[in-house]
Amino acid sequence: MNEFLILGAKVWETTEDVLAPLSTPVRVRDGRILGTGDEALQDASEVPHLDLEGRVLVPGLIDSHMHLELDPALHTPAEQLAVPEEKRLGAMEDRAREMLFAGILTARDCGGGRHREHRLRGQIDRGDRLGPRLLCCGQPITTPGGHCDFWGGAVQTPLEIDRMVGLQVEAGSDWIKVMATGGVFTPKSSARESQFELSRLNRIVDVAARAGRSVAAHCHGTQGIADAMRAGVRTIEHASFAGKDGFGTLIDESLIKEMARAELWVSPTVNAGWGRRFVNDRGEPSEFFRRMSACLQLQRDHGVRFIASTDAGIPGVRHSDLALGLMAFERYAGLRPVDVLRSATSEAARALGIEEETGRIEKGLSADFLVLESDPLKDLAVLRDPEIVVFRGRILDRALRGRVDEPDAQAR
Ligand SMILES: [Zn+2]
């Protein structure tokens, strides 16, 4: 039995806008939170404890959209596909471990080519590798020549849709991903154009639902967003409201109102790359910043539910940089730090259907939390360097970052 008690730290309860004024004891046993507060202290005299006076505990972070197999240092699909298999697998393991030490304890992989991330998910779950809890989408459903078709998920007919969704389910995918519109990363693909008619999207959602899977829809163009919503997808990725003049140039307020009423979440993939685009060469707010701020703030004002995401793996966006993405998200969407943090913890867990497993520091849930040296509700920057990460009850000190290879080596 592996058991410990944390004393002296203040716990952020995700329903609250501020930290509790007093510290809350938290007791962990066999990977789960056994109790908090007075309950944690019952018959605790023999239980080893960590004294974390003055620290803050927040739930482990969740990145709702990343790609483990993509190397952010490479710029084209051709370069990605040319990476030798052995090297790719090693790099995926490294990325997963870095994410864990960066406090990202759950992540949804929104697409790859050969279900490699599913195998890594199994190794992580068995404790053979260090990495976050993974939810995998497998091969994104797309069209021949469409966005990311190099991953092998292209379909045309309804029967091909059934077969391709079935293949992902068979491979053990937790979610189904569809490319409802084109994308930026794929040559010859147009981000604002829809790839599927509504009837096809309906079919994808129906087939997925029969297998108990929810659908994440990649949507840049406004028509694609509208159709994905009507088809009943659970998460809209990007939601760029792209028109012919680029992202954020075809904003549809009545659609945004409908989105706020629907059972869906927007995963806007505001990442560290966006954080480098606040201002233009003249030091003024950039065109990109102005457009995307307007787009996100209108969604915020109408009550669209957000979940934090980065699209890590795309050029320049590292897998461990969620915290930088959250800081950018705060500015673009004009959110309070507490709302940003919810979008990366409790709200993300709800959207991903794992709120009974993680996303809050509560009795019965997986012991997934970060020990921070100051209050992230005042300044999110502290999330960039968690002092200690606790994942499924395992304690990972930041001093071990970068030099732990074997999961057994870091017991403290
Ligand atoms: Zn993506």
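Two strands count as paired if DSSP finds at least two bridges between them. Strands here are DSSP runs of E, at least two residues long, and helices are runs of H or I with at least four residues, all numbered from the N terminus.

Okay, hi everyone. This is a predicted model, so local features need pLDDT of at least 70 and side-chain atom pairs count only at pLDDT 80 or more, while totals for chains, interfaces and linings use all residues. Residues are numbered from 1 along each chain as its sequence is written, and side-chain values use heavy atoms, with hydrogens and water left out.

Let's start with a sheet. Strands of a sheet pair through backbone hydrogen bonds, either parallel or antiparallel. Which kind do we have here, parallel or antiparallel? Our four strands pair in the parallel way, making an open sheet in the order 10-11-12-13. At the edges are strand 10 (175–179) and strand 13 (265–267), each with pairing on one side only. From one strand to the next, the twist averages 30°; for that, axes are lines fitted to C-alpha atoms (for helices over the stretch in contact), and angles run from 0 to 180 degrees between N-to-C directions. Zoom in on strand 11 (residues 214–221) and strand 12 (residues 235–242), and you'll find five bridges joining them in the parallel sense. As for Ala217, its bridge partner in strand 12 is Ile236.

Next up, aromatic rings. How many aromatic pairs does a search of the whole structure find? Nine. Rings of Phe, Tyr and Trp (its six-membered ring) pair if their centres lie within 6.5 Å; planes under 30 degrees apart are stacked, over 60 edge-to-face, and the rest tilted. One of the pairs is Phe278 with Phe289, edge-to-face at 5.6 Å centre to centre and 80° between the planes. Phe278 is in the loop between helix 9 (272–275) and helix 10 (287–302), and Phe289 is in helix 10, eleven residues apart.

Another edge-to-face pair is Phe288 and Tyr332, with 6.1 Å between centres and 70° between planes. Here Phe288 belongs to helix 10 and Tyr332 to helix 11 (residues 322–333), 44 residues apart. Buried means under 20% relative accessible area, exposed means over 50%, and partly exposed is in between (1.4 Å probe, protein chains only). Phe288 is at 13%, so it counts as buried, and Tyr332 counts as buried at 0%.

Now back to helix 11. Its buried residues are Leu322, Ala323, Gly325, Leu326, Ala328, Phe329, Tyr332 and Ala333. Among the elements covering them are helix 9, helix 10 and helix 12 (337–343), where contact means heavy atoms within 4.5 Å. Just after helix 11, Gly334 has a positive phi of about 60°.

Last stop, helix 4 (residues 116–125). Why call helix 4 largely enclosed by the rest of the structure? Because seven of its ten residues are buried. Those are Arg116, Glu117, His118, Leu120, Arg121, Gly122 and Ile124. Their cover includes helix 3 (85–101), strand 9 (133–136) and strand 15 (388–391). After helix 4 comes Gly127, with a positive phi near 85°. That's it from me, thanks!
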